[in-house]
Amino acid sequence: MVSYEYVLGGVLASLLASVYIMIIYSARKVAGAKKSIRMPQNDEEKGTDVVIVGAGVAGAALAYTLAKEGRRVHVIERDLNEPDRIVGELLQPGGFLKLIELGLEDCVNESIDAQKVFGYAIYKDGRDTILSYSLENCDPDIAAGRSFHNGRFIQRMRGKAKTLPNVKLEQGTVTTLIEEKGTIKGVIYKNKAGEELRTYAPLTIVCDGCFSNLRKNLSASKVESPSCIVGFILENCDLPHANHGHVILGDPSPIVFYPISNTEIRCLVDIPGTKIPSVANGEMAKYLKTVVAPQIPPQLYNSFIAAIDKGNIRSMPNKSMAANPIPTPGALLLGDSFNMRHPLTGGGMTVALSDIVLLRDLLRPLHDLNDAPAFCEYLESFYTLRKPMSSTINTLADALYKVLSASPDPARQEMREACFGYWCLGGIRICGYGPVSLLSGLNPRPSHMLLHFFAIAIYGVWRLMLPLPSPQRTWLAVRLILYASGIIFPIIIGEGVRQTFFPATVPAYYRAPPV
């Protein structure tokens, strides 16, 4: 009997020991599983601070900038071959100064045959005037604009970003943002081989351009397409005014020429609306020869016709979109995916580069980006601090396009003539800055922009009142003021009156970095 109890006791002790071992083993396994959920699941996730979607002008410049600050950056670009575009070829002086701040000025030098641009020549009805950039306080060689092949510029910036060890530049198509409980954790993308992969980071910045497929998740803005642009290249000819952009106030809308290399001149023809003559069946060539060619300077006529006959005519819709972000923890929009304006003034790259400088400075005091809600709240200041530059260039671009387009309306005709006359006179100078300083990005002051715009309208009224006012001309002057107000105020409202003119009254203006 005693031996039986010993045996039974030994069996029970063995069972209890086995249960205890199993409990300990299970507890360790659960703890390990919990730990694996918290920790990154692959090397990419461990080693990435910022995911950038797109490596165009904004994405490539941003990747280089953040990597120089010590951030580990993963850039995913749909196509790493050299882009071939008809826009994004003219960088205003203000944009070039931002490029210098970012350390990327050598991307627009002789290596890509970039050309210096010192201002604009404006043509109307056989008359012309020169608008030189306001460079009183700057070295003209430094603060001139630059024009170039867009693809060469982008490839130079991509190449410079790739030289940094903490940049991973990968070809792939981002399909989805990874969202968990309202926070963006990274992206799902297909690589060059077609494999579906995931990459994670505390911050995802979407820079996938004007045709962004991710914008809808991060912005409430409405995209407008006021017109289309047709582009081609004139070869082996000289512009009437060397190293200047040329704007012809044509009918129905402006025509632009500027150099993009030592032997090539880009021509951009704006066509109102979204339906344009077909290139394939020859309607576009006929339109350019019969409607546009008679309006251009005679020095360019033969090369213009030869370029049309060569047949490399491209087109794309112009897009305009005010910045109306949906603040989302873990994500941010930048570049044309965030904010667009009519390309007439060539201000898009200047706005994007200015945004990158600002974002770099805001991120600089932050060592940890993982507190997504606090970080998102802090970055609300970005949307207010960017307004001086962005709203000045955006408003000017969209307003000038409407003013400079032809119309049978007498009030609009008078406003257009007043604008040309105001430029011929040099315009008024506000705090030492003339009107072209706004266009160049050297004077990002919305109040100056508004003063110059209404100075043009008042100049138009003054022209109508001389030598003696009549009831008909007085009524036309009233309509001119109403027309000018109808152009400028809706654009300003879209930009945000308070953020544009009174940013210091916005609480986010003073937002401090999270501790």
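Helices here are DSSP runs of H or I with at least four residues, strands are E runs of at least two, and both are numbered from the N terminus. You are looking at a predicted model, in which local features need pLDDT of at least 70, side-chain atom pairs count only at pLDDT 80 or more, and totals for chains, interfaces and linings use all residues. Residues are numbered from 1 along each chain as its sequence is written, and side-chain values use heavy atoms, with hydrogens and water left out.

Now step back into α4 itself, residues 93-102. Seven of its ten residues are buried, so the helix is largely enclosed by the rest of the structure; buried means under 20% relative accessible area, with a 1.4 Å probe and protein chains only. Colour P93, G94, G95, F96, K98, L99 and L102 to see the buried set.

Next, show the open sheet of three strands, ordered β3-β7-β4 with antiparallel pairing. Strands count as paired if DSSP finds at least two bridges between them. β3 (90-91) and β4 (115-117) are the edge strands, each with a single partner, so one side of each has no neighbour in the sheet. Between β3 and β7 (residues 145-147) there are two bridges. Select L91 and then R146, its bridge partner in β7.

The structure holds six cavities of 30 Å³ or more. On a 1 Å grid over the protein atoms alone, a cavity is a set of points where a 1.4 Å probe fits but cannot get out, and lining residues have an atom within 4 Å of a point. Points are joined across faces, edges and corners, and the volume is the space filled by probe spheres set on them.

Which residues are closest to the centre of the largest cavity? Select T345, L396, L400, W423 and L439, from a lining of 20 residues. The volume of this cavity is about 260 Å³. β5 (119-124), α12 (387-404), α13 (410-424), α14 (436-439) and α15 (446-465) each supply at least two lining residues. The lining has 18 nonpolar, two polar and no charged residues; Ala, Val, Leu, Ile, Met, Phe, Trp, Tyr, Cys and Pro count as nonpolar, Asp, Glu, Lys and Arg as charged, and the others, Gly among them, as polar.

Finish at the second largest cavity, of about 60 Å³. Its lining includes L203, P327, F375 and Y383. β17 (331-333) and α10 (372-378) each give two or more residues to this lining.

Key
1 Å grid on protein atoms, 1.4 Å probe; cavity = no way out; pocket = protein on both sides within 12 Å on 5 of 7 lines; lining within 4 Å. Buried < 20%, exposed > 50% of the residue type's maximum accessible area, 1.4 Å probe, protein only.
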